[in-house]
Each structure stands twice: as structure tokens, then as C-alpha cells.
Amino acid sequence: MQEIKCPKCGEVFQVDESGYAAIVKQVRDREFEKEINARTIQFETEKETAVKLAKAEAESKFNETMNVKNLQIAEMRSKIEAGEKDKELAVNRALSEKEKELAEKESCIIRLTGQIETNDKENKLKEQILKEKYEVQLRFKDEEIARYKDFKAKLSTKMIGESLEQHCETEFNRIRPTGFQNAYFEKDNDARTGSKGDYIFREADTEGVEFISIMFEMKNEGDTTSTKKKNEDFLKELDKDRREKNCEYAVLVSLLEPENEFYNSGIVDMSHRYPKMYVIRPQFFIPMITLLRNAALNSLQYKQELALVRSQNIDISNFEESMNDFKEKFARNYELASKKFKTAIEEIDKTIDHLQKTKEALLSSENNLRLANSKAEDLSIKRLTKNNPTMAAKFAELEDMKKAAKID
């Protein structure tokens with residue numbers, strides 16, 4: 001992984017090699033060309049503007065001079081009748097002054113032309129300096145990429161995999177004090193069943209009742225690995241580890257198949273292949289835990305409230321009120337999650353273009369939350385009592401009691 005610091009907000013991001021290469025290519029191919037083209041257009045525009053301005057000023061001065069001379073000539077003509085000598089003198093004087101003005105105009109044009117040529121030379125010099133500056137920066141980036149590739153070439157596949165595991169463990173430990181103080185997140189070292197995953201996440205309520213568990217598998221491989229693995233190759237074994245370790249969910253954190261847009265689009269639900277299984281990129285490691293954990297907390301609250309109603313033999317009419325309260329809380333949690341995702345998206349927009357895919361993936365995750373909220377809104381008494389004879393009988397009994405009360 002490579003760290004990149006945003007020049008605006010100062011935040012540090014980690015990107016893989018393909019992302020880093022895209023950034024370098026962006027700097028080299030687009031930003032550099034964009035800057036050069038902008039400078040060239042600016043230089044040409046300034047040059048044309050200066051020429052036009054010089055010509056306009058010279059023509060304005062010439063026209064003003066001609067207007068004055070024309071007036072003077074008109075006055076001289078009015079004096080022709082007074083005498084040929086005065087006429088000839090006036091005409092000569094006017095012509096002399098006109099020639100003088102024309103000479104001044106030509107001198108002004110020559111001076112402005114010299115200034116334009118000087119500015120043109122300065123602009124070309126600035127353009128050359130700018131090109132050399134970017135060439136030095138690109139050369140420096142190329143050297144960094146070469147060093148990074150050399151470093152990756154020296155790592156074994158196992159070492160790279162361990163680097164990904166260490167990254168995920170570090171990310172979790174970084175947020176553990178703020179939201180996961182009582183959570184269990186450790187390496188799976190139990191191989192008694194013949195295989196083991198990489199990490200297991202578990203969390204319980206205040207009564208010690210576990211409400212969520214996730215089996216994690218981290219997969220990566222070097223650029224020079226002769227045999228390229230696919231994400232599909234590890235799903236069956238991951239599902240086996242999930243069931244043997246009694247975990248509810250299974251998540252594959254993978255850097256395999258980096259060019260496959262199916263896995264680059266966000267959180268990929270693989271439940272059509274294996275129950276409660278997902279494939280994600282490392283940047284979705286923390287959001288994945290948060291989403292599953294929040295959903296489990298909402299479900300736990302609903303179950304606890306339903307058990308309390310049953311244990312205390314509360315009137316069945318309060319059941320629907322409790323269910324609606326659950327809907328409101330779920331919708332409120334959805335709104336908070338949506339705001340957090342929007343905030344994250346706004347921050348991502350300030351970074352480099354390569355992280356646009358991450359933004360789209362977050363939007364996709366928000367859509368899943370919206371769908372979950374819609375499903376919660378569709379939850380009704382009829383659906384809860386469907387295929388549940390006990391609850392159906394309770395509601396039928398309540399209806400009979402209401403009808404009997406009306407009759408009395």
C-alpha cells in the first residue's frame with residue numbers, strides 16, 4: 001500500500017499499486033498537459049491582447065490627430081481668400097505637423113512591437129521552466145514507483161498477505177476505543193477442525209449474550225506471483241470455517257483480481273452462493289463491521305422488547321406500538337448512517353479522482369441502507385403473524401374480546 005497526503009485537507013490515504021499508478025498517470029497525462037495548454041493559451045492571449053491594444057491606442061491617437069489637423073486644414077481653407085501666401089504657409093505647417101505625428105506613431109508602434117517580442121521571450125522562458133519543473137517531479141515519481149515495485153518484488157506472497165492482515169488489525173484497533181470497547185477481534189488460531197480463518201469478530205450485550213459474530217479471511221498476492229488466484233477460490237473454505245467456528249457472517253477482505261470491476265464497486269453480497277457471505281476491498285473493512293453490527297443491535301433490541309412483552313404477559317395490543325417504535329428507531333439509525341456516509345463522500349470528493357470509485361461504493365452502501373429501511377417500513381402485524389399460529393390466535397382472541405365489548 002502507498003500513502004498519499006491530500007494537499008488541501010492534510011488527510012493521509014492509503015492506495016494500492018494500481019491506484020497509485022493511476023494517480024501518477026493522471027499527473028503526467030492530464031494535469032501536466034492541462035497546465036501546459038493553459039499556460040500556452042494564456043501566453044497567446046496576452047500576446048494578442050497586447051498587439052490589439054497597441055494598435056488600438058496608435059489608431060486612436062492617429063484619428064485624434066487627424067481630426068485636429070482636419071479642423072486646422074478647414075480653418076486654413078477659410079483663409080485662402082485672404083491670401084495664397086498665408087494659405088501655402090498654413091498648408092505647409094499642417095503637413096509638417098502631420099508628418100511629425102506620423103513619425104511619432106511609427107515610433108510608438110516600433111516600441112510596442114519590441115515590448116511584445118520581449119514579453120514573448122519571457123513567456124517562452126517561463127514555459128520552459130515550468131516544463132523542466134514538471135519533468136523533475138515526474139522523474140521523482142517514477143523513481144518512487146520503481147522503488148515500490150522493487151520492494152514488492154522482494155516480498156513473498158505470505159508476507160504480502162500478512163501485511164494486509166496487519167493493516168486490518170491496525171484499522172480496527174484504531175477505532176476500538178471509540179465504539180468497540182467490549183468487542184472481541186483476534187486471529188483464529190484454532191485449527192483443530194483442519195482449517196482456520198484469519199480473524200474472528202464477536203460482540204455481546206451487557207448480559208453477555210452474543211449478538212454478532214464474523215469470520216474474516218484476508219487474501220492478497222504479489223504482482224509477480226506465477227499463479228493468479230481468484231476470490232471464488234476461497235469462498236467455499238471460508239464458509240466451512242464460518243460454520244465450524246459458529247460465526248453468523250463470513251467476509252473475504254481481498255486485493256485479488258484488482259481489475260475486476262465487480263469487486264471494485266463496493267460491498268459485494270455473495271449470499272446467493274453461500275449464506276451471509278460478503279467480499280470487500282480493504283477500504284470497506286471498518287464500514288462492513290459497522291453495518292453488520294448496527295443491524296444486529298437493532299435486531300437485538302427488537303428481540304429483547306418482544307421477550308419482555310411475553311414474559312410480563314402485557315396486553316397484546318401494545319405489541320404493534322412496540323413494533324412501530326422499532327421502526328422509528330431503525331429509521332433514525334438509518335438517517336444518522338446516511339449523514340455519516342454523505343459526510344464521508346464529501347471528504348472523498350476533495351481527494352484525487354482515483355477515489356471516485358470509493359465514493360460510488362459508499363453510495364451503493366447507502367442505497368442498501370435505504371432498501372433495508374424500506375423493508376422495515378413494510379414490516380406489519382400480518383407479516384409477523386404469518387405462519388405463526390400462536391400470534392394469530394392471540395390477535396384473533398383480542399378481536400373477539402373487542403367485538404364482545406361492543407355488543408355489551
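Modeller: pLDDT is the predictor's confidence in each residue, from 0 to 100. This is a predicted model, in which local features need pLDDT of at least 70 and side-chain atom pairs count only at pLDDT 80 or more, while totals for chains, interfaces and linings use all residues. Residues are numbered from 1 along each chain as its sequence is written, and side-chain values use heavy atoms, with hydrogens and water left out.

Colleague: What is the mean pLDDT of the chain, and what share of residues reach 70 or more?

Modeller: On that scale the chain has a mean of 76, and 66% of its residues reach 70 or more. Over residues 151-160 the pLDDT is below 50, although this stretch has 10 contacts in the model beyond near neighbours in sequence, a contact being heavy atoms within 4.5 Å.

Colleague: Why are β5 and β6 called paired?

Modeller: Two strands pair if DSSP finds at least two bridges between them; strand β5 (residues 210-219) and strand β6 (residues 249-254) have 6 bridges, in the parallel sense, and therefore count as paired. Within this pair, I214 stands opposite Y249 in β6.

Colleague: What makes β3 and β7 edge strands?

Modeller: The open sheet of 6 strands has the order β3-β4-β5-β6-β8-β7, with mixed pairing, and β3 (184-187) and β7 (268-269) each pair on one side only.

Colleague: Which strands does helix α4 lie across?

Modeller: Helix α4 (residues 232-244) lies across β5, β6 and β8 (277-280), running at about 140° to β6, where axes are lines fitted to C-alpha atoms, for helices over the stretch in contact, and angles run from 0 to 180 degrees between N-to-C directions.

Technical notes:
Helices (H or I, at least four residues) and strands (E, at least two) are DSSP runs, numbered from the N terminus.
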